[in-house]
Amino acid sequence: MGKLAVVTGASGGIGLELCRILAAEGYDLVISARSKDKLEEIGSELSSNHQVTVTMVAVDLADAKSREELFELTPDVPDVLVNNAGFGDYGMFSECDWEKQEQMIKLNDLALTHITRLYLPGMIAKGNGRILNIASVASFQPGPLMSVYYASKAYVLSFSEALSVELKGSGITVTAVCPGPVNTGFAAAANAESVNLFKKNSGADAKDVAEFAYRKMMKGKAVAIHGVKYKIALFFVKILPRGLVRNLIYRIQRSRTKQ
Ligand SMILES: NC(=O)c1ccc[n+]([C@@H]2O[C@H](COP(=O)([O-])OP(=O)(O)OC[C@H]3O[C@@H](n4cnc5c(N)ncnc54)[C@H](OP(=O)(O)O)[C@@H]3O)[C@@H](O)[C@H]2O)c1
């Protein structure tokens with residue numbers, strides 16, 4: 001039997017780059033996102049370049065039934081599960097679009113948790129596997145002006161770390177990867193393109209982040225922070241008073257280019 005990987009949020013950004021790495025490593029793939037056309041394009045790119053089988057599942061993973069559909073359409077127990085689909089939203093919570101926050105919590109947290117719960121028993125029975133959850137440097141502190149997003153990523157980190165301990169000795173590892181800003185469709189989806197933190201092309205390269213994530217996942221690292229700059233910053237987050245940290249993040253998030 002060949003190796004199989006399931007990747008959510010595979011239609012662009014970090015997820016797409018992870019699919020390219022996994023296909024090059026010989027994994028058959030189940031790729032999921034909402035954009036059917038993009039999935040079809042990626043499916044034919046991966047299968048013709050790497051002679052792997054790609055199953056495409058175009059669904060909205062914020063919806064519980066769609067997550068079950070993804071699970072049912074998966075041809076075998078995966079060796080790798082990548083929970084990558086996610087998005088953010090920029091602005092004052094009091095003025096936000098509630099539907100968007102609800103969808104964000106459903107996708108970033110509920111879907112990641114549900115999908116893990118669906119695949120995990122099979123992976124445990126098989127006795128080996130890797131789970132990669134895309135968290136963020138946002139996971140480590142509150143994020144005024146992206147309050148729900150930062151909180152949703154704190155959940156991803158906490159859940160992943162706890163699971164990595166529960167699964168010791170099972171052959172399954174859980175890795176939470178924590179990138180800073182990455183040049184993907186993220187800033188546009190979060191209405192954050194004018195925020196200096198997400199200035200066009202100022203972030204990390206999605207391919208570099210995916211390669212880093214793949215390496216750390218294969219090593220079975222529980223938590224992996226991408227980039228020396230963010231490793232240092234998060235060291236200070238640990239030692240500085242929490243009140244100072246949350247106000248600093250507010251200043252950083254507030255800083256925008258004039259439009
Ligand atoms: N870029 C950054 O600065 C950054 C930093 C740290 C962490 N992250 C995290 O990295 C992960 C990947 O994001 P990215 O930066 O690669 O952004 P991206 O380019 O916007 O990719 C997001 C992916 O999620 C999919 N998606 C969005 N809503 C979905 C839904 N309801 N159901 C199914 N799929 C959905 C998108 O596909 P469709 O639109 O086709 O559904 C797309 O494939 C996210 O979890 C994000 O929070 C990003």
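This is a predicted model: local features need pLDDT of at least 70, side-chain atom pairs count only at pLDDT 80 or more; totals for chains, interfaces and linings use all residues.

Trainee: How many residues surround the ligand, and which are the closest?
Mentor: There are 29, and the closest are Gly9, Gly13, Arg34, Ser35 and Gly86. A residue is near if its C-beta atom, placed from the backbone, lies within 6 Å of the molecule.

Trainee: Which element gives the most to that shell?
Mentor: Helix 1, with three residues. Helices here are DSSP runs (H or I, at least four residues), numbered from the N terminus.

Trainee: What's the make-up of the shell by class?
Mentor: It has 14 nonpolar, 12 polar and three charged residues. Ala, Val, Leu, Ile, Met, Phe, Trp, Tyr, Cys and Pro count as nonpolar, Asp, Glu, Lys and Arg as charged, and the others, Gly among them, as polar.

Trainee: New topic. At what angle do helix 1 and helix 7 cross?
Mentor: Roughly 60 degrees, with the axes of helix 1 (residues 13–24) and helix 7 (residues 206–219) coming within 8 Å.

Trainee: Which residues make the contact?
Mentor: Gly13, Ile14, Glu17, Leu18 and Ile21 of helix 1, against Ala206, Lys207, Val209, Ala210, Glu211, Ala213 and Tyr214 of helix 7. Contact requires C-beta atoms, placed from the backbone, within 7 Å.

Trainee: And by class?
Mentor: Eight nonpolar, one polar and three charged residues form the contact of helix 1 with helix 7.

Definitions and conventions:
Residues are numbered from 1 along each chain as its sequence is written. Axes are lines fitted to C-alpha atoms, for helices over the stretch in contact, and angles run from 0 to 180 degrees between N-to-C directions. Helices (H or I, at least four residues) and strands (E, at least two) are DSSP runs, numbered from the N terminus. Two residues are in contact if their C-beta atoms, placed from the backbone, lie within 7 Å.
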